[in-house]
Amino acid sequence: MHDFIDRDLGKAIPCGVYDLAANEGWMSVGVDHDTAAFAVETLRRWWRRMGRLAHPGARRLLVTADGGGSNGSRSRLWKLELQSLADELGLRISVCHFPPGTSKWNKIEHRMFCHVTQNWRGRPLVSHEVVVNLIGATTTGEGLSIRSQLDEGRYPTGIRVSDEQMGALDIRRDVFHGEWNYTLSPRPSK
């Protein structure tokens with residue numbers, strides 16, 4: 001999604017997770033910057049509040065992501081943050097990025113984001129509370145429900161990830177387009 005910037009309100013940056021099996025969504029509304037750290041924090045919040053309850057025996061997460069932006073296939077910070085999440089949760093995290101120019105094929109676009117934008121159409125987004133509440137009130141006749149929360153965390157831009165940090169990742173690239181498809185496994189705790 002795109003940032004919504006208002007001189008008085010500030011930023012409202014929606015970032016979401018759509019659980020295809022449960023037909024449930026989670027959206028964090030950030031106020032700082034749309035970074036890889038913010039995108040991974042959205043995944044973390046979804047897992048803690050919804051994912052682990054819906055999938056209690058899970059040992060692995062599959063994430064489909066756009067090819068660019070904060071969760072892009074070339075983002076070193078995205079991979080570093082995902083590795084930290086895999087370590088924290090003890091889950092393998094497999095990522096499949098959509099090839100360039102195909103992000104509109106992502107199910108989150110057609111099964112969640114479109115309903116959110118219809119729900120707030122014509123309503124003034126005058127506060128973060130209004131944005132979060134309108135997202136959380138989004139439902140469909142097919143049973144979609146979405147939970148939403150304001151994320152007031154700070155996510156600085158310009159963070160550099162060293163070759164040493166990249167070398168410490170427990171990442172396995174798939175044979176088919178390993179630049180777009182890979183799995184991060186939890187590292188043994190020290």
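Asparagine 23 is buried, with a relative accessible area of 18%, where buried denotes under 20% relative accessible area, exposed over 50% and partly exposed the range in between (1.4 Å probe, protein chains only). The structure is a predicted model, in which local features need pLDDT of at least 70 and side-chain atom pairs count only at pLDDT 80 or more, while totals for chains, interfaces and linings use all residues. Residues are numbered from 1 along each chain as its sequence is written, and side-chain values use heavy atoms, with hydrogens and water left out.

Asparagine 23 is placed in the loop between β2 and β3 (24-30); helices (H or I, at least four residues) and strands (E, at least two) are DSSP runs numbered from the N terminus. Although asparagine 23 is not a glycine, its phi is positive, at about 55°. Most residues other than glycine have a negative phi. Histidine 177 is another non-glycine residue with a positive phi, near 50°. This histidine is found in the loop between β7 (171-173) and β8, and histidine 177 counts as partly exposed at 30% relative accessibility.

The largest nonpolar core has 31 residues, a nonpolar core being a set of buried Ala, Val, Leu, Ile, Met, Phe, Trp, Tyr and Cys residues joined through side-chain atoms within 4.5 Å. Within this core, Leu43, Trp46, Val63, Trp78, Leu82, Ile93 and Val95 touch the most other members. Two or more residues are contributed by each of β2 (10-19), α1 (36-54), β4 (60-65), α2 (76-89), β5 (92-97) and β8 (181-184). Helix α1 supplies the largest share of the core, 9 residues. A second, separate core of 15 residues includes Ala12, Ile108, Val132 and Ile135. Leucine 43 is in contact with Val17, Val63, Trp78, Leu82 and Leu85, leaving aside neighbours within four places in sequence; contact means heavy atoms within 4.5 Å.

Two packed helices are described by the angle between their axes and the distance between the axes. The axes of α1 and α2 come within 8 Å and cross at roughly 25°, the axes being lines fitted to C-alpha atoms, for helices over the stretch in contact, with angles running from 0 to 180 degrees between N-to-C directions. The two helices α1 and α2 are therefore roughly parallel to each other, a description applied to angles under 35 degrees, whereas those over 145 count as roughly antiparallel, 65 to 115 as roughly perpendicular and the rest as oblique. Where α1 passes α2, the crossing is right-handed, meaning that the near helix is turned clockwise from the far one by less than a right angle, with anticlockwise giving a left-handed crossing. On the α1 side, Ala36, Ala37, Ala39, Val40, Leu43, Arg44, Trp47 and Arg48 meet Leu77, Trp78, Glu81, Leu82, Leu85, Glu88 and Leu89 of α2.

Tyrosine 182 lies in strand β8 and is buried, with a relative accessible area of 0%. Beyond its neighbours within four places in sequence, tyrosine 182 is in contact with Trp78, Lys79, Ile93, Ser94, Val95, His97, Ile171, Arg172, Arg173 and Asp174.

Alanine 54 belongs to helix α1 and is partly exposed, with a relative accessible area of 35%. Its C-alpha atom is 9.3 Å from that of aspartate 19, 35 residues apart along the chain. Histidine 55 lies in the loop between α1 and β4 and counts as partly exposed at 27% relative accessibility. Not counting residues up to four places away in sequence, histidine 55 touches Asp19, Ala21 and Trp47. Histidine 55 and serine 75, 20 residues apart along the chain, have C-alpha atoms separated by 28 Å. Threonine 102 occupies the loop between β5 and α3 (107-119) and is buried, with a relative accessible area of 11%.

Finally, a search of the whole structure finds 0 disulfides, a disulfide being a pair of cysteine sulfur atoms within 2.5 Å. For cysteine 96, the nearest cysteine sulfur is that of cysteine 15, 18 Å away; cysteine 96 counts as partly exposed at 28% relative accessibility. For cysteine 114, the nearest cysteine sulfur is likewise that of cysteine 15, 17 Å away, and cysteine 114 counts as partly exposed at 26% relative accessibility.
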